[in-house]
Amino acid sequence: MTMETLEFQAEARQLLQLMVHSIYSNKDIFLRELISNASDALDKLRLAKLQDGLEADTSDLHIEIEVDAEARTLIVRDNGIGMTRDEVVELIGTIAKSGTAELLGKLKEAKESPELIGQFGVGFYSTFMVADKVTLVTHKAGTEGHGTRWESAGEGTFTIDDAPDAPVGTTITLHLRPKDEDDALYDYTDEWKIKEIVKRYSDFISFPIRKGDETLNSMKALWARPRSEVTDEEYHQFYRHISHDWTDPLEIINMKAEGTFEYEALLFIPARAPHDLFQRDARRGLQLYVKRVFIMDDSKELIPDYLRFVKGVVDAADLSLNISREILQQDRHIQMIRRRLVKKVLSTIKDLMSSSPEKYATFWREFGRAVKEGLLAEPDNHKPILEIASFATTHGSEPTTLAAYVERMKEGQEEIYFLTGESRSQVENSPHMEAFQAEGYEVLILTDPVDEVWVDVVPEFDGKKLRSIARGTVDLKKDEEEKQPEGDFGPLLGFLTEKLDERVKEVRLSHRLTTSAACLVSDADDITPALEKMYRAMGQEGPRVKRILELNPNHPLVAGLRSAHERKADDPALPDTAELLYGTALLAEGGDLDDPARFAKLLADRLAQTV
């Protein structure tokens, strides 16, 4: 093929402009990104030989750095998997990643945060912070013929051509900009500077990083070294390398198992949730090694989905080097490792609750919603998950644990009360709350979508049943005289049940209301309207569940309605009043009216009669 000049994708052009006109204070990270990419390419070549039988020489996999101070060039070379011409265009000419717009927005805002560059897998573009021209020559392992040459000045276009004599692997040549220390642009041909960057960011890379005859990195597997011999900074740099989250982790977890089945693990709990935590196509899982040999990235078999934010490495001693994902799913050793990792992660989080409340609060704020998914996925872990969970509550503005809730329960209270909803304000202002607030009972405020589901599968905590205050009957009053309203409401309740038959299964008097006229309640075994709506959104259309309309017998509207019904049971205005009463109860809980226009007309007509 002949030389072509192509345009970068629009988002890539924007990113290039940010790099070319970079005002980031730490430009050293460009070399970290190139070394990280080279390490990935070496891993992929070794993996292709192990698992796919690719014929390739893997006896001396390495990364090489070469500088020429006179020509002002810096070269990073690897003998890894390489790329085809199409792969070069796809991987460098476009940003084929979800969240591109978010990345660009964050990069524009975070002028002092180049750490974001690696998070979306676009580290190659950081080369344009230090170079005014970049040349890439590559040859894909296992392919015959020529390689590919790519070149760009970072101005919106790039050229691509054949490279007849390109060896297997990838060589990147940076034509460096002049040194400008005022702009934090150092002399990257300086040998001392190169050594400093490699030592700081890439010392743990498992392949030799060479400059001439000297190897610049120690290549020591951090997970195999005692924690006392590894600095926090070394752990942090390793975390950044495997996670592409360039902030420090919240917590570091070391594990080592010896005996019949040996493995080592180094896990990290991030300090912030990734942008794609709740996206189905997000990368998740741990890196799997066997005897220090990289086997697999994103191994989902090692960690459950509700702990998908955990990053790290597991190095097993007794697995086959050519193990496949299909075998992993069935391997009993992998299942055992998974159980132990889960137990360790959950116990570490529990320890944070007492040893570092601020860290725990950060963790739960960032990842609590995901962790609660485990209540659905792993029934055997209900207890340890509930022990590390926190929930908003009517007790105060800070979240509470269930253990703390139980300690505060009123004398004689046997259940843990909760109410689900879309927001805290909606829940707090719900009519269902009135009696509980009046009697001083604490109620958990559950507003995450997953809360609608897990409360149906978790029966209790510490022997106390979890109870929705919007389901079944509620009777908090102890005084029998307080419970009985004056007068007979039977005829009115029968009339309303008949008129609202298509909407409700029953109309009854309420003990949960103190100020509102009415509210809607689900039967104890019925699904909630929110859950019903969630199922419909997922395409699972089922029969609509009728609910119960409860009336406050002490409310003037209800008392007046009873009197009106006693005077003239066939009054044509009464059915409209019944419909308005039902509609206001639905709106009060944040529900959707079936016919908003009809409700508005009924309300306007009724208001007009009072003017």
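## Terms and basis of the model

A residue is called buried when its relative accessible area is under 20%, exposed when that area is over 50%, and partly exposed in between, with a 1.4 Å probe and only protein chains considered. The structure is a predicted model, in which local features need pLDDT of at least 70 and side-chain atom pairs count only at pLDDT 80 or more, while totals for chains, interfaces and linings use all residues. Residues are numbered from 1 along each chain as its sequence is written, and side-chain values use heavy atoms, with hydrogens and water left out.

## Overall form

The protein has 21 helices and 23 strands, where helices (H or I, at least four residues) and strands (E, at least two) are DSSP runs numbered from the N terminus. Its radius of gyration is 32 Å, whereas a compact globule of 611 residues would have a value near 25 Å; the radius is taken over C-alpha atoms, and the globule rule is 2.2 Å times the number of residues to the power 0.38. Along the principal axes, the C-alpha atoms fill a box of roughly 105 × 60 × 45 Å.

Of the 611 residues, 50% count as buried. Taking a contact as heavy atoms within 4.5 Å, 71% of the contacts between residues at least 6 apart in sequence join residues at least 24 apart.

## Nonpolar cores

In soluble globular proteins, nonpolar side chains tend to be buried together. A nonpolar core is here a set of buried Ala, Val, Leu, Ile, Met, Phe, Trp, Tyr and Cys residues joined through side-chain atoms within 4.5 Å. The largest such core holds 75 residues, of which L288, L307, F309, L341, F363 and W454 touch the most other members. Helix α8 (residues 332–355) gives the most to this core, with nine residues.

When residues up to four places away in sequence are not counted, W454 touches K372, L375, L376, L386, F391, L446 and L466. Apart from this core lies another, of 67 residues, among them A48, M83, A131 and I172.

## Two residues with positive phi

M219, although not a glycine, has a positive phi of about 60 degrees, and is found in the loop between β9 (214–215) and α6 (232–243). M219 counts as partly exposed because its relative accessibility is 32%.

D462 is also a residue other than glycine with a positive phi, in this case near 55 degrees. D462 is found in the loop between β19 (460–461) and β20 (464–468), and its relative accessible area of 57% means that D462 is exposed.
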